[in-house]
Amino acid sequence: MIDLSFKAHSAHPNETLSTLLLIIYNCSDQVLTTRGRRLAKSREAAARSARETAKAQQRWKSAKDAAKKHASGLQAHLSRTFSRKKDTPDPEKLKILNQSKPDIDDGLPISPHPSTSGVSLSSPVPSEGKKKEPSELMQIMHKIEEDPDCYEGFSIGAEDTNVGNVPKGKQINTHSQIFKYAYAQLEKEKAQQQEYKDLTFSGVVKMATNHEIRKRPLIEISFKDLTLTLKAKNKHLLRCVTGKIRPGRITAVMGPSGAGKTTFLSALAGKAIGCNMTGLILINGKNISIHSYKKIIGFVPQDDIVHGNLTVEENLWFSAKCRLSADLPEPDKVLVVERVIESLGLQQVRGSLVGTVEKRGISGGQRKRVNVGLEMVMEPSLLILDEPTSGLDSASSQLLLRALRREALEGVNICMVVHQPSYALFKMFDDLVLLAKGGLTVYHGSAKKVEEYFAGLGIKVPDRVNPPDHFIDILEGMVATERSSGVSYEELPVRWMLHNGYSVPPDMRQNATRLELFSTDENLNYETNPSNAGTAEQSFAGELWQDVKGTVELHRDKIRLNFLKSKDLSNRRTPGLFQQYRYFLGRVGKQRLREARIQAVDYLILLLAGACLGSLANVSDQTFGAVGYTYTIIAVSLLCKIAALRSFSLDRLHYWRESASGMSSLAYFLAKDTIDHFNTLIKPVVYLSMFYFFTNPRSSFADNYIVLLCLVYCVTGIAYALAIFFEQGAAQLSSVLLPVVMTLIATRPQDSEFLKILAKFCYPRWALEAFVIANAERYSGVWLITRCGSLLKSGYNLHDWNLCIIILTFIGIVSRAVAFFCMVTFQKK
Ligand SMILES: Nc1ncnc2c1ncn2[C@@H]1O[C@H](COP(=O)(O)OP(=O)(O)OP(=O)(O)O)[C@@H](O)[C@H]1O
């Protein structure tokens with residue numbers, strides 16, 4: 001019998017470690033919060049300082065304008081006086097003239113210094129001889145005038161067009177300096193915007209022409225006869241859509257529900273799968289794949305795919321770091337993110353967790369804005385948004401549109417689906433694509449001219465009715481237009497085609513008979529057209545076959561899309577694999593710390609399992625404790641697999657979004673696995689701290705730990721593969737079933753050769769052998785030959801410990817490779 005007291009004593013440090021871990025995990029969120037709070041303080045101080053400086057500049061500018069105005073008024077007055085009284089100079093006025101002299105010359109810079117200008121900024125006409133202490137404002141302005149760099153990132157010249165570029169030769173290293181720079185730039189931009197108050201109309205044009213706004217690479221997309229047909233059902237989703245979306249403009253895509261708006265956006269973004277696409281899509285006039293520009297294309301999906309356990313700021317920062325150009329200096333990245341936070345009105349919630357369905361975070365509207373912000377922070381050239389204003393109130397929608405308008409000023413091509421925009425919102429769009437059911441164009445052109453076009457067809461918007469609502473109602477068939485205009489809503493697509501001189505597909509000519517532009521012979525031709533024979537009723541077997549064929553084709557399309565490699569023409573060098581791995585590592589680490597309670601529960605369950613199984617198992621028998629170790633393998637496999645499933649099954653959609661935007665799948669996978677290594681290292685300690693204490697096996701703690709470590713590594717890899725390959729429910733079920741079935745196979749008496757071979761493919765066999773060998777090696781009181789004989793009965797070999805460890809590790813590596821392959825092949829969309 002082994003000395004129990006020694007074993008019990010040696011187990012204490014493990015218990016202490018487990019308790020310590022639980023404490024750390026419970027407090028981990030606090031650590032993050034405190035760190036975030038410190039950063040926020042530095043940022044707020046910088047923002048305050050930038051605001052104060054901007055205010056000072058504003059006051060300085062007003063004072064300067066007032067002084068100039070006063071001086072020019074005085075000059076005009078004096079010149080009038082002089083022209084009248086050339087010979088009789090008035091000594092009093094001359095005195096004033098002398099006093100104002102430095103300000104008269106408009107071309108010269110005006111010195112705000114009271115001693116040199118002689119004109120106080122706070123009071124344009126100072127009382128003579130009154131020596132005032134320079135005001136605080138004067139001191140600041142004086143300082144700025146003498147040394148423009150004394151206020152970091154702040155340049156007094158309104159002519160400074162260096163928006164978004166770190167001043168040359170200037171060291172901006174610390175957080176506080178970076179924030180100061182970013183906020184100073186933001187304040188400057190705000191002042192510019194204030195000058196051109198409303199960013200919606202002429203102000204925008206003015207701003208675009210008067211200020212050198214940094215332009216991004218331009219992307220124009222033109223499409224001709226774009227037709228999408230669902231492969232499975234031979235149903236048209238889009239038909240003969242022709243037009244273009246242009247850089248620097250906001251295009252709204254509208255139409256009744258199910259008209260094909262999302263399909264249209266997907267086709268533009270090269271994401272339409274399961275469809276046959278005909279027609280032409282040209283990027284900047286060239287027939288190139290849109291995927292060549294994926295690094296500078298932002299796609300905002302209809303659903304808000306945002307990380308719930310990250311704060312608003314963390315979400316935005318992650319997207320910015322991974323997708324902005326790697327060459328962009330850090331201060332400019334801060335500026336980009338801060339600008340998006342400001343423009344989307346997210347300042348108040350920047351530090352709040354986004355939240356999930358179970359754990360409430362920010363509001364739905366704010367979440368929607370974060371969803372858009374994720375794409376805005378990567379400075380796209382083409383921004384495609386699917387219903388970004390749905391669920392937002394009018395004020396929030398307008399705020400979002402203003403933010404997008406600013407993007408458009410930089411040359412971004414913005415195309416978005418909108419539902420029921422208010423008139424104020426509608427006026428903010430440049431272009432409009434109006435789709436009817438069946439994906440047919442009813443109008444495509446300037447949003448301002450849509451009413452004119454419909455008026456030309458005799459369709460007028462009644463008084464006090466919102467024009468977009470009226471047009472959608474017409475397209476839904478809810479408003480009859482035939483009586484008033486003689487045009488039915490079904491005719492509108494053909495009318496549009498005829499209006500533009502596009503060729504009308506034969507099957508649509510039927511609808512156009514009333515227009516009397518086609519002869520009935522042509523319609524007869526259409527009716528006998530074999531391409532239409534597909535609409536004939538199919539048998540049940542035929543339909544089933546179509547469905548199966550469609551599903552297979554859909555999967556084939558998905559896989560082809562995932563492996564599609566296009567030459568990168570975006571001219572943007574995003575961070576490489578290692579850098580992205582670092583970013584992912586930071587993010588996953590944070591997420592795990594925030595889920596600390598879940599992890600703590602995992603550990604508690606493992607502790608309990610260790611205690612229960614340890615007290616049930618008996619080691620001092622002929623099998624060298626095989627029974628206890630069998631329980632251990634099942635319990636640890638089950639618990640670790642279920643926990644590891646969470647790593648990949650919960651954020652599938654996020655992965656889809658991120659990989660579609662060009663982020664590295666390998667970096668994502670490796671980062672998750674690396675963070676899980678922490679659990680791989682700790683969980684065996686936690687379990688053994690109880691199990692080892694209760695069972696007191698002959699083998700050392702280190703031996704048990706190494707085997708358990710390899711086992712956890714192995715089952716974690718298997719869990720990854722299950723999580724990625726199956727849906728969540730199926731993955732959980734198989735994670736439970738697999739360890740039980742495999743352990744049963746591994747522990748069955750292996751009478752047949754088949755069972756022997758089968759057992760070799762079961763990881764529990766190798767884990768069990770390693771545990772048993774480690775135990776058997778320490779039975780020094782028993783003859784070696786007796787021990788070997790006993791082991792051979794179970795098919796084990798005393799010298800195979802290393803082999804078992806290698807096989808377990810190998811299964812872990814192979815299953816990870818399989819999981820990664822499945823991820824890049826099946827999980828992307
Ligand atoms: N993969 C697909 N399989 C089957 N039908 C599809 C598929 N994709 C689109 N459709 C069908 O095409 C039509 C257009 O869908 P789409 O989602 O583009 O409409 P939408 O105008 O965006 O609608 P909503 O405004 O309600 O979101 C719908 O009838 C839809 O059922």
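Because the model is predicted, local features need pLDDT of at least 70 and side-chain atom pairs count only at pLDDT 80 or more, while totals for chains, interfaces and linings use all residues.

**View 1. Here is the shell around the ligand.** The ligand is surrounded by 14 residues (a residue is near if one of its heavy atoms lies within 4 Å), and the closest are Ser257, Lys261, Thr262, Thr263 and His419. Sorted by class, the shell has four nonpolar, seven polar and three charged residues. Here Ala, Val, Leu, Ile, Met, Phe, Trp, Tyr, Cys and Pro are nonpolar, Asp, Glu, Lys and Arg are charged, and the others, Gly among them, are polar. Helix α7 gives the most to this shell, with three residues.

**View 2. Helix α7 is mostly covered.** Helices are DSSP runs (H or I, at least four residues), and strands are too (E, at least two), numbered from the N terminus. Seven of the eight residues in α7 are buried, meaning under 20% relative accessible area, with exposed over 50% and partly exposed in between (1.4 Å probe, protein chains only). The buried ones are Lys261, Thr263, Phe264, Leu265, Ser266, Ala267 and Leu268. After α7 comes Gly270, with a positive phi near 70°.

**View 3. Phe669 meets Phe820 in an aromatic pair.** The structure holds 21 aromatic pairs. The ring centres of Phe669 and Phe820 are 5.5 Å apart and the planes sit at 65°, so this pair is edge-to-face. For such pairs of Phe, Tyr and Trp (its six-membered ring), centres lie within 6.5 Å; planes under 30 degrees apart are stacked, over 60 edge-to-face and the rest tilted. Phe669 belongs to helix α24 (residues 665–695) and Phe820 to helix α30 (residues 801–827), so to speak distant parts of the chain, 151 residues apart. Phe669 is buried at 3% relative accessibility, whereas Phe820 is partly exposed at 22%.

**View 4. Charges sit over rings of the aromatic cluster.** One cluster is formed by Phe318, Phe584, Phe648, Tyr655, Tyr668, Phe669, Tyr720 and Phe820. Arg587 lies over the face of Phe318, 4.2 Å from the ring centre. Over the ring of Phe648 sits the charged end of Lys672, 5.6 Å from the centre. A charge counts as over a ring if NZ of Lys or CZ of Arg is within 6 Å of the ring centre and within 35 degrees of the ring normal.

**View 5. Ala480 sits in a loop.** The loop holding Ala480 runs between α14 (467–476) and α15 (482–485). Ala480 is exposed, with a relative accessible area of 65%.

Notes: Residues numbered from 1 in each chain as written. Heavy atoms only, no water.
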